[in-house]
Amino acid sequence: MRYTTIAPRFVEAIPDRLEDGVLYISERYGTAIHKCCCGCGEEVVTPLTPVDWRLHRRGDTVSLSPSIGNWNYACRSHYWIRANRVLWAGAISEREIAMVKARDKAAIEAYVEATNHRKPESVQKPSWLTWVMQKIRRWFG
Ligand SMILES: [Zn+2]
């Protein structure tokens, strides 16, 4: 049975037994987990990090982005969680899976790139050194 709604439950730690139709969110561990909304019983872990999923809270409702694509499971479910509702996508093709994986890879690369650009000043070659080297070359060149 496919679920069309999911209820957020904020928890300290993830319980051993998960209830159907509940999105467990542990802000402490920066992760969310729920049983696949198709009813297959698989547990879907969605880490809440800049390169994984983002949780949007509005009042008592939550949304997750991007979509949940369970292509590693037999059911291959694909859905969005928007304001506690489960919005089902059509069955996903191999091509779409490849596209989403490529996009994930690009997102991770962009994130790493952005992080690398935030190096501390000392790591970068100081501009005054370049200036002094130019002066020296001009004096002795
Ligand atoms: Zn499933």
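Guide: A residue counts as buried when its relative accessible area is under 20%. Please keep in mind throughout that this is a predicted model.

Visitor: With that cut-off in hand, how many residues of strand S6 are buried?

Guide: Strand S6, which spans residues 61-69, is mostly covered, since seven of its nine residues are buried.

Visitor: How should I read the pairing of S6 with other strands, and which strands are its partners?

Guide: In general, the strands of a sheet pair through backbone hydrogen bonds, and they do so either parallel or antiparallel. Here S6 pairs in the antiparallel sense with strand S5 (residues 54-58) over five bridges, and in the antiparallel sense with strand S7 (residues 78-82) over three bridges.

Visitor: Which residues take a positive phi in the hairpins?

Guide: The hairpin of S5 and S6 has two residues between the strands, and in it glycine 59 takes a positive phi near 60°. The hairpin of S7 and S8 also has two residues between its strands, and there alanine 83 takes a positive phi near 50°.

Visitor: In what order do the strands of the open sheet lie?

Guide: Four strands form that open sheet in the order S1-S2-S3-S4, with mixed pairing. Its edges are strand S1 (7-10) and strand S4 (43-47), each of which pairs on one side only, and the twist averages 20° from one strand to the next. Strand S3 (residues 31-35) runs antiparallel to S4, the two being joined by five bridges, and isoleucine 33 has valine 45 in S4 as its bridge partner.

Visitor: Which elements supply the lining of the largest pocket?

Guide: At least two lining residues come from each of S4, S6 and helix H1 (94-116), and H1 gives the most, with seven residues. The space in this pocket is about 640 Å³, and of the 24 residues that line it, the closest to its centre are Trp53, Pro66, Ser67, Trp71 and Asp104.

How values were computed:
Residues numbered from 1 in each chain as written. Predicted model: local features only at pLDDT ≥ 70, side-chain atom pairs only at ≥ 80, totals over all residues. Heavy atoms only, no water. Pairing = 2+ DSSP bridges. Axes fitted to C-alpha atoms, helices over the stretch in contact; angles between N-to-C directions. Buried < 20%, exposed > 50% of the residue type's maximum accessible area, 1.4 Å probe, protein only. 1 Å grid on protein atoms, 1.4 Å probe; cavity = no way out; pocket = protein on both sides within 12 Å on 5 of 7 lines; lining within 4 Å. Points joined across faces, edges and corners; volume = space filled by probe spheres on them.
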